[in-house]
Every structure is written in structure tokens, then in C-alpha cells.
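Let's take a walk through this protein chain together. Keep the 3D view open and follow along.

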Amino acid sequence: MGKSENQAAAARITAAFPVPPPEVDLRFRPMFGGLGGYVRERIFFVLTGEGAALKFSPQSQALLRAQAPDAVHLSWTRLYLIVPPDIWDDDAQLGAWLERSIDDVLSAPPRGAKARSSGWAGPP
């Protein structure tokens, strides 16, 4: 992925974003030659050689894949669905996918919460 593809993807996400970016602290960072999109310091979007992908809960993935069978997982993780081109190009549809992804990401427990909630306090 080149810098221009990363900039274009960030602009596309920002244009279709359902919540004003300042309210969710929308940020983009280079990641492994691609791009990562974050809300409140939680990753929800990746751009890789496979395409633009959004992170969803398993329940959301099942619903979205029923509606858009051409939405497939990234090859290296089942947490993300590659956004089909017809959805990527439509502001309303992309906005709905973004909203669902962000809701899923922000409602999930923070990484590491399981270890902390189990009573493990870390090394002495």
C-alpha cells in the first residue's frame, strides 16, 4: 500500500463516518505497509493488500455476511470483514457498516480486561 492509497482510504472513511470524528477521536496510523483506523484508541479498520476491512463482533459478521455474501474475512484473522466494493462506494451503506463496527469495537471489553477481571494483578 502506498501513501496515496492510505490517504484515499482515510478520506473515504472520514467522508462516510456516521459520528463526527472529534466525538470518537478518529485517527489513522500507518501499519505494516497499510493503514489502521482507530476510535478512542481502539482499532476498527485496516487497509491491507487484501482490501479495506472493518472489525465486527461474530454476531454482526453473521448478519452482514447474510446481507453481503461477498464480504469475506481477511486471510490472517476472522475479526475483520473486507468491505465489498459496492458497499465501500456507497456513503449510506458504508456509514451503516462503520457505525456497526464502531459500536462493536467500543462495546467490547478493553484488551487485557479478562486477565485483570480474573483477579490476576500481574507480577509481584
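A71 touches R65, L81, I82, P84 and W97, leaving out residues up to four places away in sequence; touching, or contact, means heavy atoms within 4.5 Å. You'll find A71 in the loop between α3 (58-67) and β5 (73-74). Its C-alpha atom is separated by 5.6 Å from that of I82, which sits eleven residues apart from A71 along the chain. A71 counts as buried because its relative accessibility is 0%; buried means under 20% relative accessible area, with a 1.4 Å probe and protein chains only.

A quick word on what you're looking at. This is a predicted model, where local features need pLDDT of at least 70 and side-chain atom pairs count only at pLDDT 80 or more, while totals for chains, interfaces and linings use all residues. Residues are numbered from 1 along each chain as its sequence is written, and side-chain values use heavy atoms, with hydrogens and water left out.

Now hop over to R12, in helix α1 (residues 3-16). R12 counts as buried too, because its relative accessibility is 16%. Its side chain is joined to that of D91 by a polar contact of 2.6 Å (a pair of N or O atoms within 3.5 Å, where one must be able to donate a hydrogen and the other to accept it, and residues adjacent in sequence count only if both atoms are side-chain atoms). Setting aside neighbours within four places in sequence, R12 is in contact with W88, D89, D90, D91 and L94.

Zoom out, and 42% of the chain's 124 residues count as buried.

Methods. Buried means under 20% relative accessible area, exposed over 50%, partly exposed in between (1.4 Å probe, protein chains only). Helices (H or I, at least four residues) and strands (E, at least two) are DSSP runs, numbered from the N terminus.
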